[in-house]
Amino acid sequence: MSNIDISLARKAAILAFLAEGPVSLAQLATRFNRSWTEIYTEITKMWTVDVRDAATEFSPFDFDFYDEEVGPDTLVELTAGSDHAVSQPHLTLAEAVAVLGVLDQLLRAADANDFESLIKLRQRIADAATQAGYGPALWPAPQLVAAPAVITALGEAIENRHWVEIIYWKSTDGKLASEKAQIAPITLSTGANPLVIAANRKEELRRYRLDRITGVEITNKKYFKKLARQITTDLATDDGGFGAIDVILTCEPQARWVAESIPGAQMEVGDDHIRLSFRARNIDWLRTLLIRLGHSVLKIEPDAVAHEIADTVEQIYQETQ
């Protein structure tokens, strides 16, 4: 699981949009739901890190503003930077896979305005890689895991540090029910189930499944940077109430509810089985889980954990005879 900088997704989306030709700041503002001044600032501060080429500094490309006095109607164009010509890149398979992987991470954090530009850029790269004979090595693009309005509102709240009220769905005893919660969204994380990392009203770390949020209302209440730093620090040391026993279970498909229930659990889907990776609180907790799963468990890894489970079960059996 990794955190994503939402502003990075927007930067990549703006670059992809500008790659199609000169556009005005007003057009960019409309496309990305920002004011033209915010777009201008975003572009002029695009490069926060200099790329080193031998002993010289350069940016891969620059931005050409058509007017000396910049305004909403000013056209902006993507141009060559630091004497480096803009050309079509030639990617190896490894490079194409790496670029698509980065874009997929950005797509998971993109709001509705950024998603379209990023998905078009991804498709262009995938099409070129397929034409070069790399098609069998590629994978489908990720889909939005929540309504565009939800992602857009959360992105705005995170950027401006506003508390929000969300409608969140939980599964209790196999029944779905919604509840309202006031949270301070700090960041988004990726994984099998993308999460909103947030603080609750007591300013405690909480995780919310993005695909279970069906409504977001931004409040006027703002939170301080101190709270964001506190939650980020807590996140780095928090295991969600789960201990240090790393477990991998190979199970029949009906055990997929485990991935829905355990924070940070990852699930790989095979032809006739699933593979669940998670952290268990302790051996007793794991044993209880295995009893609930019953015959759907096909394999327990690592072997040391499987042997310890077998030993505890044998001990219980001997004590009950």
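Buried means under 20% relative accessible area, exposed means over 50%, and partly exposed lies in between, using a 1.4 Å probe and protein chains only. This is a predicted model, in which local features need pLDDT of at least 70, side-chain atom pairs count only at pLDDT 80 or more, and totals for chains, interfaces and linings use all residues. Residues are numbered from 1 along each chain as its sequence is written, and side-chain values use heavy atoms, with hydrogens and water left out.

**View 1**
Helices (H or I, at least four residues) and strands (E, at least two) are DSSP runs, numbered from the N terminus. Of the 321 residues in the protein, 39% are buried. A contact means heavy atoms within 4.5 Å. Take the contacts between residues at least 6 apart in sequence: 60% of them join residues at least 24 apart.

**View 1. Arg206 and Glu204, a salt bridge.**
A salt bridge is a side-chain nitrogen of Lys or Arg within 4 Å of a carboxyl oxygen of Asp or Glu. Here the closest N and O atoms are 3.1 Å apart. Arg206 counts as partly exposed because its relative accessibility is 36%. Glu204 is also partly exposed, at 34%. The whole structure holds six salt bridges.

**View 2. Arg209 and Asp211, another salt bridge.**
In this pair, the closest N and O atoms are 2.9 Å apart. Arg209 has 9% relative accessibility, so it counts as buried. Asp211, at 39%, counts as partly exposed.

Glu159 is partly exposed, with 42% relative accessibility. Among the buried residues of H6 are Val150, Ile151, Leu154 and Ile158. The expected span of a helix is 1.5 Å times one less than its number of residues. For the 13 residues of H6 (residues 148–160) that gives 18 Å, which agrees with its end C-alpha atoms being 18 Å apart. After H6 comes Arg161, with a positive phi near 55°.

**View 3. The largest nonpolar core, with 28 residues.**
A nonpolar core is a set of buried Ala, Val, Leu, Ile, Met, Phe, Trp, Tyr and Cys residues joined through side-chain atoms within 4.5 Å. Leu28, Ile39, Ile43, Phe63, Val76 and Leu118 touch the most other members. Helices H1 (6–18), H2 (25–32), H3 (36–44), H4 (93–109) and H5 (112–131), together with strand E5, each give two or more residues. H1 gives the most, with seven. Domain 1 (6–80) and domain 2 (93–137) each supply at least three residues; these bounds come from an automatic or database domain assignment. Leaving aside neighbours within four places in sequence, the contacts of Val76 include Leu18, Leu28, Ile43 and Phe63. A second, separate core has 22 residues, including Ala259, Phe278, Leu290 and Val297.

**View 4. Thr74 in the loop between strands E5 (61–65) and E6 (75–80).**
Thr74 is buried, because its relative accessible area is 1%. Its side chain makes a polar contact with the side chain of Asp67 (3.0 Å). A polar contact is a pair of N or O atoms within 3.5 Å; within protein, one must be able to donate a hydrogen and the other to accept it, and residues adjacent in sequence count only if both atoms are side-chain atoms. Not counting residues up to four places away in sequence, Thr74 touches residues including Val23, Leu25, Phe65 and Glu69.
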